[in-house]
Amino acid sequence: MDMESDNKKWCLKGNKEFMAASSITVRGVLDMLREKLNPEDSRPLIPLGHGDPSPFSCFRTTPFAEIAVSDALYSGDFNGYSSSVGILPARRAIAKYLSSDLPYELSPDDVFMTLGCTHAIEILLAVLASPNANILLPRPGFPLYEARAAYSHLEVRHFDLIPEKDWEVNLDSVETLADENTVAMVIINPGNPCGNVFKYQHLQKVAETAKKLGILVISDEVYGHLTFGSNPFVPMGVFGEITPIITIGSISKRWIVPGWRLGWLVTNDPNGILKKHEVVDCLKSLMNISTDPVTFIQAAVPQIIENTKEDFFSNIVDILREAADICYNRLKDIPCISCPSKPEGSMFVMVKLNLDLLEGIKDDVDFCSKLAEEESVMVLPGSTLGFKHYLRITFAVDTSYLTDGFDRMKAFYQRHAKIQ
């Protein structure tokens, strides 16, 4: 070893903000749980913690999507750089796709193509992070919003979702939290982590509350149209004439291709409020110095949307409905877990953990850690999502895995049940 180099004082230092932000993400917590797995357990891992159904054959994407990507790649026409906001055919196709559910027409200029929804969140929160600004986030919610807000030095304030009311937004708490520095509120519909689907009337009240407060609504609709209960999916953009809406979406979930990393950020702003306040110009400017989604994936979007048959979507929804029913019914066999609201959309359910019925389990993180270690079952602790003593369970897996997983969870409960 070079002693001179070894004794050299290097002017290097890792940014601890990155490590702090990463520790509260879903991936960060699941990595921690993965370290708890017993390597001597020969049973297959039951992955009920992460919403990625793509490894299971029953969730394979439509061949039309695969052909569209192949055609775009082999055409040789999309090997170059994209426009910073995305190529026009993709933006035009997304505008048409989303406009079919709206009372007005979106323009391609309203659409910004992103490297998945994660990129859309990064871009949007960075744009909104002016000095002293704050943003209202749901609790429970998706922790990437907290992580990116912290990175952008954007203050976070949490409003509650109400379990007893099918996880509706507590609009009174929204009004209490907001002040002159509040720039936006976030809703996730269909819900991650709760599996809820907001009713039309409730979304209208959200829009009216936002208008009253003079704030933007960010509507995360990555699970759009993945609904299987009594409430249909209503895009928040329907209420764009009440208050400005920015919609975040992607092909990741509806087409079951999260690894393709193709999303969008869309301004629903028929009154031009976002343009007047230079939000649109800031979005364009930031995207000029950001990363573009892969060009040939963008180029496949028009064909993916146009050629995918309705039976593909209905089949995916049927699989999710069956899995949600299995999940909801099997939870009744585990006394320490209760489900406040049956899931009606997305790929998740949020359930309450009763620690009084368990021996030697400190909290939801401890429950998940020991469940991974003893049963090779991974579920996400609610603390990660802002709701302590809850769990998030994904049911978007092959039903055989789901059945096996609940058998193991029941055995885990029986092993740790407090003797009455």
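This is a short tour of a predicted model, stop by stop.

**Before you start**

Residues are numbered from 1 along each chain as its sequence is written. Local features need pLDDT of at least 70, side-chain atom pairs count only at pLDDT 80 or more, and totals for chains, interfaces and linings use all residues, while side-chain values use heavy atoms, with hydrogens and water left out.

**Stop 1**

Side chains of opposite charge can pair when their charged atoms come close. Here a salt bridge is a side-chain nitrogen of Lys or Arg within 4 Å of a carboxyl oxygen of Asp or Glu. By this rule the model has 18 salt bridges.

Select Arg 34 and Asp 31. Their side chains form a salt bridge, 3.0 Å from N to O. Both residues sit in helix α3 (residues 26–34), three residues apart, about one turn of the helix. Helices are DSSP runs of H or I with at least four residues, strands are runs of E with at least two, and both are numbered from the N terminus.

Now colour by accessibility. Buried means under 20% relative accessible area, exposed means over 50%, and partly exposed lies in between (1.4 Å probe, protein chains only). Arg 34 is partly exposed at 41%. Asp 31 is partly exposed at 42%.

**Stop 2: Arg 60 and Glu 66**

Select Arg 60 and Glu 66. A salt bridge joins their side chains at 3.0 Å, N to O. Is Arg 60 buried or exposed? Arg 60 is exposed, with a relative accessible area of 55%. Glu 66 is partly exposed, at 28%.

**Stop 3: across the chain**

Next, select Arg 330 and Asp 407. Their salt bridge spans 2.7 Å, N to O. This pair links distant parts of the chain: Arg 330 is in helix α13 (residues 310–331) and Asp 407 is in helix α15 (residues 399–416), 77 residues apart. Arg 330 is buried, at 17%, whereas Asp 407 is partly exposed, at 42%.

Then select Asp 41, Arg 43, Glu 374, Glu 375 and Arg 415. Salt bridges with shared partners join these residues into one network.

**Stop 4: a loop residue**

Go to Val 238. Where is Val 238 found? Val 238 lies in the loop between β7 (216–220) and β8 (245–250). Show its contacts (heavy atoms within 4.5 Å). Leaving aside neighbours within four places in sequence, Val 238 touches Asp 101, Leu 102, Pro 103 and Tyr 200.
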